[in-house]
Amino acid sequence: MKTIPILMPQMGQSVAEGTIIKWRKQVGEEVAADEVLMEVESDKITVEVESPVAGRLNSILKEEGARAKVGEVVAMLETEADIHVDEPAEPPKETRSNRPHAGGDGGQVMVSVMGEDDWNGGGPRLPELTRDWLSPFVLRLAMLNNISLKELQEIRGSGQRGRVTKNDILEYLARRPLGATSIAQATGKATPTPRDVERLGQVVPMTSIRRTIADHMVQSIHTSAHVTMVHMVDMTHIVELRNRIKASFERRYGVKMSYTAVMIYVTARVLKDFPTANASVFGDNLVLRNEVNIGCAVALPDESLVVPVVKNADKHSFPEIAQELERLIKLAREKQLKRGDVEGGTFSISNFGAFGSIIGTPIIYQPQVAILGMGAIVRMPSVVNDHVVMGDRLYLSFSFDHRVIDGAQGGRFLNAIQTRTEALTEKDLGCEKL
Amino acid sequence: MPGVKVVYPAFPSDARNLIYTSVLDPNPVIFLENKYLYRHVKELVPNEIDAVRLGSARIVRPGQEAVVLTYGAMVHEAVHAATRLAGQGYDVMVVDMRTLKPYDEDAIIAAVAATNRVLVVHEGWRTCGFGAELSAVVAERAFHLLDAPVMRLTAPDVPVPYAPELEAAFRPNADKIEKALVELIEY
């Protein structure tokens, strides 16, 4: 009988931590190998974590609702199984002192004769410290930047014995939020707790998904040079077509004929001619992606957002795309999306028209380089051949990363989308016999 | 010794330029040449003489995490150590004092302001060595800029040994400088 740790699993490349939603087993309960132990929420997906072996749940270290870093121990399991278990990952060390360095020990020959202090040339090494020791420079930085002693004590030091070094304080200053000074000064704390701010209003902690969205949006704005262009597309004939055949389309294919699916269908085909728009930025490299996988932003009832991906949209017919989109939206609403459903996107589409907005400026989903936003389709007068006629119009907002795509290219891309959409036939949409 | 200037070049071009300035200087100048550097350091020296002012130090290698204040043969050992450390992610500045008297106080203060950590290296004995003078001026004029105590790496206070192994143990070198810098930067 031995006790093995249960670790927070790795749930995707960029995932650093997860929240334990539910323990399916209680302490003392027996568990079979591959039986589900817990449910973990992370990065927009929920994962069921299975027990690696049969055994008995010995203790739970992270309660429901608690967050844990990937590789962190969340529970202990007693088992008879004879398996080798990797030790839990050590938290990454902040200092670099454990790095090997090429320095030989020139004085070692003499050490036994003379004693190291006589021979190391540098004489006595630097004095031993306590964590509280603050160097003159750190104190000066703290004074100049109004950092309180309490704040200083809460900074995690990377120096010897955890002392706060110059770099620690500079990093702290870099991430100290603007406006935090007053709260920090009032409370003497670096990060205000709910209690510190509750006098300002009702405190609602961000959920894991909300935090992920927040981080992603800010990161994207900081990463890409966002530019948005807008085209007006004549949807009159598509709207007519849809009104005429939507009942039979639903009967034949089992799903509604949605405008989002229409735009996925068109965009996927146009993207084949614009490889730089179907690309990802990794460091200094632009990767023109082989596949065309179109993510589609879906708002969830709890005010959060997921972006499931229609894979290989350029290779699927319109009805297939409509079916896949409806399947993904249904899963998203039920929070049943799997990792594979949200990964691998190369381009995104956001339909914000459902609530009446006609134009938006969508934010790029990193590491992609462009996103297409759809407004509401509105019936309005416009001038055709010097005559004012009524028609259905759709504003398409195209946000792209100006680091990679220039204005002319962006304009050509939108133009191609417009031309192709306006030229769509019943045959293209698989509706000719309906 | 008041009234005497002391020059200690580390590079052929500096040796040529500084001897020129020394000869023109109205004061007595002691010009020290490191015997070890004679055939060890080679450099193409341009024809034009650059009249280097006595008392001006030179940044041989820029860096941000620590500065090595040194002169003579140790400049080359320090650059060697700094280059190796760069491969491990440490960014070390090396300053060649060039003139020991008068020495370039302003350059020292500027280097400390840029790095906040100081390692003084020289070949001579530790007690009452020139490094003690450099350490003292850092403590006097740049105390508020220090993020770690000033560190010295010198020869130990023993007679210079003759056997090659003992001499190697006696003399500071790139390995020892590297080790000291890691300790200083990690402090």
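Q: Which residues does B:Leu181 touch, leaving aside its neighbours within four places in sequence?
A: B:Leu181 is in contact with B:Ala66, B:Ala81, B:Leu85, B:Tyr90, B:Val92 and B:Leu119. Contact here means that the C-beta atoms of two residues, placed from the backbone, lie within 7 Å. Residues are numbered from 1 along each chain as its sequence is written, while chains are lettered from A and ligands numbered from 1 in the order in which they are written.

Q: OK, and how many residues are in the largest nonpolar core?
A: That core has 66 residues, and B:Leu181 is among those with the most contacts inside it, along with B:Val68, B:Ala78, B:Val95 and B:Leu119. A nonpolar core is a set of buried Ala, Val, Leu, Ile, Met, Phe, Trp, Tyr and Cys residues joined through C-beta atoms within 7 Å. A residue is buried if 20 or more other C-beta atoms lie within 10 Å of its own, exposed if 12 or fewer, and partly exposed in between, with C-beta atoms placed from the backbone.

Q: Which helix gives the largest share of this core?
A: Helix H2 of chain B, residues 73-86, with eight residues. Helices (H or I, at least four residues) and strands (E, at least two) are DSSP runs, numbered from the N terminus. There's also a second, separate core of 57 residues, including A:Val292, A:Ala322, A:Ile363 and A:Cys431.

Q: Switching to chain A, how many helices and strands does it have?
A: Chain A has 13 helices and 18 strands. Of its 434 residues, 32% are buried. Take the contacts in chain A with a separation of 6 or more: 63% of them link residues 24 or more positions apart.

Q: What about strand S4 of chain A, mostly covered or mostly open?
A: Mostly covered: S4(A) spans residues 36-42, and five of its seven residues are buried.

Q: Which strands does S4(A) pair with?
A: One is S2(A), residues 17-23, which runs antiparallel to S4(A) and is joined to it by four bridges. There, A:Lys22 has A:Glu39 as its bridge partner. Another is S5(A), residues 45-50, also antiparallel, with six bridges. Two strands count as paired if DSSP finds at least two bridges between them.

Q: What holds strands together in general?
A: Strands of a sheet pair through backbone hydrogen bonds, either parallel or antiparallel.

Q: What's the strand order in the four-stranded open sheet of chain A?
A: The order is S1-S8-S6-S3, with antiparallel pairing. S1 (2-7) and S3 (30-31) are the edge strands, each pairing on one side only. Six bridges join S1(A) to S8(A), residues 73-79, and A:Ile6 stands opposite A:Ala75 in S8(A).

Q: And the open sheet of three strands in chain B, what's its order?
A: That one goes S2-S1-S6, with mixed pairing. Its edges are S2 (29-31) and S6 (99-101). S1(B), residues 5-7, and S2(B) pair in the parallel sense over three bridges, with B:Val6 opposite B:Ile30.

Q: Where are the cis peptide bonds you've spotted?
A: One runs from A:Gln366 to A:Pro367, with omega near 0 degrees. A:Pro367 is in the loop between S16 (347-351) and S17 (370-384) of chain A. Another joins B:Lys101 and B:Pro102, where omega is about -5 degrees. B:Pro102 lies in the loop between S6 and helix H3 (105-115) of chain B.

Q: What's the phi of A:Asp34?
A: It's near 70 degrees, a positive value in a residue other than glycine. A:Asp34 is in the loop between S3 and S4 of chain A. A:Asp34 has 11 other C-beta atoms within 10 Å, so it's exposed.

Q: Last one: what's the average pLDDT of chain A?
A: The average is 81, and 83% of the residues score at least 70. pLDDT is the predictor's confidence in each residue, from 0 to 100. Over residues 87-119 of chain A, though, pLDDT stays under 50. Where pLDDT is low, the predicted coordinates should not be read in detail.

Notes:
This is a predicted model: local features need pLDDT of at least 70, side-chain atom pairs count only at pLDDT 80 or more; totals for chains, interfaces and linings use all residues.
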